[in-house]
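The following questions and answers concern strand pairing and helix packing in the structure shown below.

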Amino acid sequence: MIPLKSKEDLEMMRKSGEILARIMRKIKEFVSVGISTLEIAQLAEELLKKENAKPAFKGYRGFPAAMCTSINEEVVHGIPSERRLKEGDIISLDLGLNYQDYFSDIAVTLGVGKINAKAHKLIQTTKNSLFEGIKKARIDNHLSDISYAIQNCVEQNGFSVVRQFVGHGIGRSLHEEPEIPNFGRPDKQTLLRAGMVLAIEPMVNQGSWECEILDDGWTALTKDRLLSAHFEHTVAITNNGPEILTLCS
Ligand code: MG
């Protein structure tokens with residue numbers, strides 16, 4: 001069953017999402033050539049503390065950090081380290097927040113300094129595909145309409161969607177039902193209803209969609225070592241259409 005949020009729950013989810021958006025805005029300003037991913041994650045943790053919020057990822061199934069930082073061919077779940085960002089890198093930042101036991105989740109991919117045209121197109125397409133998916137997050141649509149819209153946008157631009165990782169419902173816990181694949185034909189299985197809150201998160205590869213996991217047990221990277229990008233928003237389905245709770249730019 002997909003949990004439906006009450007009016008009160010939705011108010012709290014809005015607060016959670018607003019805080020997360022505010023934090024991500026500051027983190028985006030901080031990212032630049034020469035900064036280490038550990039420094040980015042430390043900033044995230046400081047900002048969370050200032051907002052009286054808790055990191056949702058730290059300790060989740062043993063994940064060691066507040067934030068996932070995935071560089072270039074890394075798809076998701078990169079562990080922050082001393083590695084410093086170089087001109088031309090792209091970095092995916094994924095941050096989950098727990099505010100009074102209401103969760104929100106966001107991801108963005110940024111270019112570091114000057115990036116090449118291909119990397120720029122990958123980032124732009126991934127972001128666009130997220131918004132194409134969000135447009136379909138409407139009452140009386142089906143969940144698969146979101147998936148189909150994302151995949152279409154990505155493949156029309158010559159890229160591929162990751163199959164191994166998917167979006168998810170979110171609310172009183174980080175991962176709730178349903179799973180939201182970023183691929184698949186439209187079907188009539190799951191009808192969207194007001195009160196559902198979804199973390200929609202396309203992960204898009206420059207080459208093949210296939211991924212593998214590093215020996216650290218976390219970091220997912222593209223099998224062909226080409227670039228990957230990731231965008232995510234926490235979105236409420238309301239009577240007035242989709243409401244992005246984590247809007248940050
Ligand atoms: Mg997520």
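Q: How many bridges join S3 to strand S12?
A: The model is a predicted one. In it, S3 and strand S12 (residues 220-222) run antiparallel. Within this pairing, Glu74 stands opposite Leu221 in S12. The number of bridges joining S3 to S12 is two.

Q: Which strands stand at the edges of the open sheet of three strands?
A: The strand order is S3-S12-S11, and the pairing is antiparallel. The strands at the edges each have a single partner strand, so one side of each is left without a neighbour in the sheet. These are strand S3 (74-76) and strand S11 (211-213).

Q: By what angle are neighbouring strands of this sheet turned against each other on average?
A: The sheet concerned is the open one with the order S3-S12-S11. With direction ignored, the average angle between its neighbouring strands is 40°.

Q: Is H3 roughly parallel or roughly antiparallel to H4?
A: The axes of helix H3 (residues 117-135) and helix H4 (residues 143-156) come within 8 Å and cross at roughly 155°. Angles over 145 degrees count as roughly antiparallel. The relation of H3 to H4 is therefore roughly antiparallel.

Q: In the contact of H3 with H4, how many residues are nonpolar, polar and charged?
A: H3 contributes Thr125, Asn128, Ser129, Glu132 and Gly133. These meet Ile146, Ala149, Ile150, Cys153 and Val154 in H4. By class, the contact comprises five nonpolar, four polar and one charged residues.

Q: What is the handedness of the crossing in which H3 passes H4?
A: The two helix axes cross at roughly 155°. The crossing of H3 past H4 is right-handed.

Methods:
Residues are numbered from 1 along each chain as its sequence is written. This is a predicted model: local features need pLDDT of at least 70, side-chain atom pairs count only at pLDDT 80 or more; totals for chains, interfaces and linings use all residues. Side-chain values use heavy atoms; hydrogens and water are left out. Two strands pair if DSSP finds at least two bridges between them. Helices (H or I, at least four residues) and strands (E, at least two) are DSSP runs, numbered from the N terminus. Axes are lines fitted to C-alpha atoms, for helices over the stretch in contact, and angles run from 0 to 180 degrees between N-to-C directions. Angles under 35 degrees count as roughly parallel, over 145 as roughly antiparallel, 65 to 115 as roughly perpendicular and the rest as oblique. A crossing is left-handed if the near helix is turned anticlockwise from the far one by less than a right angle, and right-handed if clockwise. Contact means heavy atoms within 4.5 Å. Ala, Val, Leu, Ile, Met, Phe, Trp, Tyr, Cys and Pro count as nonpolar, Asp, Glu, Lys and Arg as charged, and the others, Gly among them, as polar.
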